[in-house]
2 protein chains.
Amino acid sequence: MQTIAVDAMGGDHAPKAEVEGAIRAVRSLDVKVVLVGQEDAIRQELAQYEDYRNLPIEVAHAPDVVTMEDSAARAFRKKPNSSLRVASRMVKNGLAHGLVSAGNTGAVMATAKIVQGVVPGVDRPALAGIFPTMKQTPVVVVDVGANVDCTTHQLAQFAVMAEIYSRMIIRRPNPRVGILSIGEEEHKGNDLTRSVAGLLKRLDLNFIGNVEGSDIYAGDVDVIVCDGFVGNVALKVSEGVVDLVKLVMRESLEASISGKIGYAIAKNAFTAFRKRLDYSEYGGAPLLGVRGVCIICHGRSNANAIKNAIRVAKEFSEGQVNQLIERELARSAFGENGNHVERPLPENV
Amino acid sequence: MQTIAVDAMGGDHAPKAEVEGAIRAVRSLDVKVVLVGQEDAIRQELAQYEDYRNLPIEVAHAPDVVTMEDSAARAFRKKPNSSLRVASRMVKNGLAHGLVSAGNTGAVMATAKIVQGVVPGVDRPALAGIFPTMKQTPVVVVDVGANVDCTTHQLAQFAVMAEIYSRMIIRRPNPRVGILSIGEEEHKGNDLTRSVAGLLKRLDLNFIGNVEGSDIYAGDVDVIVCDGFVGNVALKVSEGVVDLVKLVMRESLEASISGKIGYAIAKNAFTAFRKRLDYSEYGGAPLLGVRGVCIICHGRSNANAIKNAIRVAKEFSEGQVNQLIERELARSAFGENGNHVERPLPENV
């Protein structure tokens, strides 16, 4: 059975959402959860679930809490016994298979990278955003903020890692991989996209070339690689557009009675949609390339998002995603080996 | 009176939309329009307006048409007598004050730059997107696709040009200027944004620092500078999100009768919104830094968009925006002169 360490003090609704998410996870999945954080606060939440002593849930005390105001460096230097750090250490020491945190994204990325270390062959871990699309399957966009000013080599590694994630976790049989650019033609783009395209073509990937910003949500590509600066802008612009659409709709509709009804109905759909952009349904954003597993949830995550993140962490570990990443990076050595080999698909668990 | 040359063969609905837009413009504004393109086709459209011979409208024949399939280089080499080229030449030769085209964006940018030339002091012209916001005034985002792999110096020039555009055309009295980045703190961003921030701070601008992708639509900043790659991704992502929102809404709502009504009402609001993203209300995207004036409209532009673009071209010329750009670039010399001088605002025309 997989054991997942949950940073119980991380999110905006901590530890309530974390505890409830853990309870839901252990009830519905074959997984054990260690809730890491201030023991009293966690036990107080747990007490609401009468049967919790019979469930595979443990509590590990950690006195300190990393806040949203802490810089990543400060969190690491000044809070060696934060819930985040203790949970990450459990993964490093083999006491847990993966880490889930809805805390300060910068601090989680830095802590996981330093404490858990990096998968052999990986230059820099990358944060993958899981976005909804107009088709049924979500798209993996990588990087969405862990690395700015990326090299060609790093982006190619992001592609390899995200392709494996799409295959093993999202269960796309032959993920289509594209580069985020500003035109579909190969010569469109910037120096980085053109050189990455040259490299990805030589790798054993289902590479479809350039895609545009509007293709992120179209659902015709499974993995999109980009520099973390561009990916982060894309993510934040999306959130901004949704807020604007909501406002424009209300203003357009409130002018009439029928409009008022329409808006009242439409509002719930918007709220649902906005949540989807927060990727709670998809179990948070995986930090690809760190040893063990690290799933970063949005600060606003509710219990359902935490539960889904625990599920993803479990599947990530069971699917041996890191071993596949290590093997694939070594095998491909970026174009030196063009032979196709069979790639594993997840079992139907 | 200002004379504006309109590429009558450019857009998806050419020459119908162009002719109707020109008629509307000369009827409501103090402006003269030269419709450039295949004379027969233009005159056939004009014949629908009985009084057109009494209006300040002329036709200039140009036999060739640049299509969306033409590359910018091919359009320039192979079609020296295209409607676009002839219209641009009229501006160069002083027969018109500005160019409006809804044609192939790449070809329009290249043609205007080569034929009309560049304002003294400008390294590279920049395409400015005019985006709607949650407040009443639109925001100028520059560059949205003319230049990728920009230098610090170029981005600072974009800021200076767009600030003048915001002041003179959008009529913001003291435009707030921000850099598109991935966090508000100064150290957040990439090498380019950090070095641009250092430069903009020394200029005589109302510089507010970094803004994020979600701030584009919030309305708390008037000018946002970014590399054309990032700006183009932001523009296209926005279009993609709107399409996705529309689909998710329909799916959520069609499940119930009241939902169906809600969707039917909401749909029109969406269509209106999508149009706003095409910046037709704001008169197209100005190519800042070319001599004369060049306003590029979306290919789907309707008559209203063309009319608004003619209005903007007229105001751009009347407001002597290029002279202001030239003076400001020479004056500031990027930080060497920190003295504040009074800046003109447009007259209440």
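Where the two domains touch, domain 1 of chain A supplies 16 residues and domain 2 of chain A supplies 10 residues.

On the side of domain 1 that touches domain 2, the elements giving two or more residues are strand E11 (294-296) and helix H10 of chain A. The most is given by H10(A), with eight residues. By residue class, this side of domain 1 comprises eight nonpolar, five polar and three charged residues.

## Overall make-up of chain A

Chain A contains 11 helices and 11 strands. Of its 349 residues, 58% count as buried. When contacts between residues at least 6 apart in sequence are considered, 73% of them join residues at least 24 apart.

## Helix H1 and its surroundings

Helix H1 of chain A spans residues 16-28 and has 13 residues. From its first C-alpha to its last, H1(A) reaches 18 Å, which is close to the 18 Å expected at 1.5 Å a residue.

Which residues of H1(A) are buried? They are A:Ala17, A:Glu18, A:Val19, A:Glu20, A:Gly21, A:Ala22, A:Ile23 and A:Ala25.

## A residue in helix H8

A:Arg250 lies in helix H8 of chain A, which runs over residues 228-253. Why does A:Arg250 count as partly exposed? The residue has 17 C-beta neighbours inside 10 Å, and a residue is called buried with 20 or more such neighbours and exposed with 12 or fewer, so A:Arg250 falls in between.

Between A:Arg250 and A:Gly129 there are 121 residues in sequence and 29 Å in space, C-alpha to C-alpha.

## Confidence in the prediction

The average pLDDT of chain A is 89, and 87% of the residues score at least 70. Over residues 335-339 of chain A, however, the pLDDT is below 50. Beyond near neighbours in sequence, this stretch has seven contacts in the model. The model as a whole scores ipTM 0.86 and pTM 0.89.

Key
Residues numbered from 1 in each chain as written. Chains lettered and ligands numbered in written order. Predicted model: local features only at pLDDT ≥ 70, side-chain atom pairs only at ≥ 80, totals over all residues. Helix = DSSP H or I, 4+ residues; strand = E, 2+ residues; numbered from the N terminus. Expected span 1.5 Å × (residues − 1). pLDDT = per-residue confidence, 0-100. Nonpolar A, V, L, I, M, F, W, Y, C, P; charged D, E, K, R; others polar.
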